[in-house]
There are 2 protein chains.
Amino acid sequence: MTERRYDPVTGEWRMFAGHRQDRTFLPDDASCPLCPTREGQPPTEIPLPTFDVVVFENRFPSLAPKPPDPAVVGSELYAVAPSHGANEVVVYSDDHQLSLGDMEVDRIAKVVEVWADRYADLGGRDEVAYVFIFENRGVAVGVTLHHPHGQIYAYPEIPPRAQRKLDVATVHIDTHGTCVLCDVVAQERSDGVRVIAHNRSFLAFVPFAARFPYEVHVASLRHAPSLLDLTDPERLALSEVLQAVVRAYDRLFGFPLPYVMSMHQAPTDDGEHQHVSHFHIEFTPLHRTAEKLKYLAGSELGAGAFINDAAPEDTAARLRATTASRGEQ
Amino acid sequence: MTERRYDPVTGEWRMFAGHRQDRTFLPDDASCPLCPTREGQPPTEIPLPTFDVVVFENRFPSLAPKPPDPAVVGSELYAVAPSHGANEVVVYSDDHQLSLGDMEVDRIAKVVEVWADRYADLGGRDEVAYVFIFENRGVAVGVTLHHPHGQIYAYPEIPPRAQRKLDVATVHIDTHGTCVLCDVVAQERSDGVRVIAHNRSFLAFVPFAARFPYEVHVASLRHAPSLLDLTDPERLALSEVLQAVVRAYDRLFGFPLPYVMSMHQAPTDDGEHQHVSHFHIEFTPLHRTAEKLKYLAGSELGAGAFINDAAPEDTAARLRATTASRGEQ
């Protein structure tokens with residue numbers, strides 16, 4: 001069973017992928033499928049003795065270039081569609097331990113190059129409307145493989161939360177004449193109290209109305225709709241700030257902090273959204289403290305209304321204290 | 001710190017409540033604050049030796065009738081507001097063990113009466129726009145007190161997910177001339193394969209495009225915008241179906257299945273939404289199997305696109321096999 005179904009009550013498409021129940025689940029380090037293939041050992045997913053960054057199609061995809069026909073029959077009320085798109089895995093390096101916070105900036109820059117390349121390639125496909133790059137890090141967010149890696153979902157339509165942001169940005173530009181994220185970046189630079197790292201091209205900050213205590217957003221200082229609009233020096237600046245954010249997390253908590261990292265870029269189906277798409281990355285760790293997690297419960301799951309028990313200014317100060325801003329002072 | 005902040009990027013209000021960090025956390029049974037006060041013992045939250053259903057204001061509220069002034073200063077971009085509203089706790093009975101699945105139908109009916117009463121009372125307040133009744137059950141969804149209880153959040157505006165449903169229902173009625181949930185109920189009764197319980201007035205089913213493997217929705221057969229529109233026999237029928245759903249969960253899994261239960265009713269700020277508000281309850285358990293949870297990760301948290309690894313028709317059959325439908329055959 002691999003298909004998409006439309007929920008007429010929320011207006012959202014959902015993905016169904018029955019075979020995902022069989023995913024490899026937390027293998028021991030010696031059996032890691034994302035490590036290089038070692039001489040005399042059975043092959044891993046990657047038939048190479050060393051590598052920088054590797055991308056391959058997820059073996060348990062919920063979206064695929066040539067999906068099967070849906071198993072269920074739809075109706076006028078209940079639309080059904082094949083799971084067109086792609087799920088790719090991006091292995092950050094051949095080192096089983098090396099997370100984004102541990103990697104040198106020039107190695108992170110290679111990951112950024114790969115992201116840009118995949119965004120262009122997947123986005124250019126007819127069946128793809130939106131390329132979503134993300135990383136799930138840590139067992140607390142459901143990770144099934146420890147080797148540092150990210151994922152890419154190429155959706156056949158703009159997914160609900162991205163669409164919502166585009167709609168809100170469109171209203172904002174119609175009302176104020178400006179990109180809302182350009183305005184947010186300007187205000188955060190001016191206020192300063194929620195900034196945790198910055199350099200010549202990027203800003204990392206705890207958002208003013210954060211959903212999670214240690215949520216951090218990374219945004220480009222200038223209006224760039226996607227990675228493709230960033231110059232090489234800007235991509236290097238992005239790599240620096242990503243390293244700084246993950247290092248701040250890991251230093252403050254004293255362990256690799258689990259998080260979801262989500263990259264928001266322009267949809268790839270048309271050129272219409274360039275003026276309301278401002279490149280940014282959201283880090284959403286679930287931890288409230290080293291021992292306690294924030295759970296998504298009634299208010300969040302049912303009503304969509306988030307409760308945060310920490311002041312963004314306070315968590316930003318704690319994260320900032322672990323790091324020093326780089327580049328321009 | 002108790003305040004609300006507006007996120008201009010998503011157009012959502014978020015609640016901030018710093019004192020919630022001090023909430024009572026999983027006390028042992030003898031120290032349960034939701035049990036009756038026993039003679040010679042220190043008083044619990046409820047100064048009564050026995051009771052049916054009790055409601056009181058949450059001691060650690062994120063919304064309150066007389067909230068403090070916000071601590072932060074807002075701006076044109078970043079709106080700030082006091083946390084007007086209410087958070088109430090509904091203790092289902094004086095029995096520390098008795099969940100909705102264990103209670104007799106007439107006792108559940110008393111809880112339903114209290115919900116209706118609170119919906120009317122809170123909804124009648126000037127500062128309240130939407131009354132949201134829910135239950136978080138089990139440590140897996142972050143419960144901090146085991147004694148069976150639910151909660152009520154009275155929000156000062158319609159929360160994001162409720163607003164989304166109202167918007168989608170409005171488009172549906174404008175296009176098709178019908179209430180979308182009336183159409184869903186008709187299709188589910190006709191298809192039958194996703195129904196897990198039904199009687200003369202209510203239907204329980206796994207939704208066609210469920211977000212979670214064991215998600216179950218309970219909807220009124222006729223178009224009733226809220227509990228206030230249900231007759232006494234209908235409220236009794238609702239109690240029967242709620243009992244059947246929770247019993248099916250607990251029988252299938254062999255333990256009290258953790259879930260979030262969310263009740264969706266008409267907003268209370270005006271009469272405008274009556275025709276697009278159809279009373280329904282969503283049960284969202286996180287369990288995929290007895291051992292494995294569904295995690296909300298990149299696709300869900302970042303993009304808002306849910307992946308479900310189980311066919312709703314299959315999980316419905318498993319739940320249905322544990323129970324027998326009641327009432328009309």
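Residues are numbered from 1 along each chain as its sequence is written, and chains are lettered from A, with ligands numbered from 1, in the order in which they are written. Since the model is predicted, local features need a pLDDT of at least 70 and side-chain atom pairs count only at pLDDT 80 or more, while totals for chains, interfaces and linings use all residues.

**Confidence**

The average pLDDT (the predictor's confidence in each residue, from 0 to 100) is 94 for chain A, where 97% of the residues score at least 70. Over residues 325–329 of chain A the pLDDT stays under 50, and for this stretch the model has 12 contacts beyond four places in sequence; two residues are in contact if their C-beta atoms, placed from the backbone, lie within 7 Å. For the complex, the predictor gives an ipTM of 0.94 and a pTM of 0.95.

**Contact between the chains**

In the model, 64 residues of chain A are in contact with 64 residues of chain B. On the side of chain A that touches chain B, helix H2 (residues 160–176) of chain A gives the most, with 7 residues; helices (H or I, at least four residues) and strands (E, at least two) are DSSP runs, numbered from the N terminus. That side of chain A divides into 35 nonpolar, 18 polar and 11 charged residues, where Ala, Val, Leu, Ile, Met, Phe, Trp, Tyr, Cys and Pro count as nonpolar, Asp, Glu, Lys and Arg as charged, and the others, Gly among them, as polar.

Strand S2 (residues 12–17) of chain A pairs in the parallel sense with strand S13 (residues 307–308) of chain B over 2 bridges, pairing being assigned if DSSP finds at least two bridges between two strands. Within this pairing, A:Phe16 stands opposite B:Asn308 in S13(B).

**Annotated residues**

An unreviewed UniProt entry lists A:Cys32, A:Cys35, A:His96 and A:His147 for "binding site"; such annotations may be inferred rather than shown by experiment. Although spread over 116 residues of sequence, these residues cluster in space, with a largest C-alpha distance of 8.2 Å.

A:Cys32 lies in the loop between S2 and strand S3 (54–57) of chain A, whereas A:His147 is found in the loop between strand S6 (130–137) and strand S7 (149–155) of chain A. A residue is buried if 20 or more other C-beta atoms lie within 10 Å of its own, exposed if 12 or fewer, and partly exposed in between.

| Residue | Class | Other C-beta atoms within 10 Å |
|---|---|---|
| A:Cys32 | partly exposed | 16 atoms |
| A:His147 | buried | 23 atoms |

Leaving aside neighbours within four places in sequence, A:Cys32 is in contact with A:Pro27, A:Thr44, A:His96 and A:His147.
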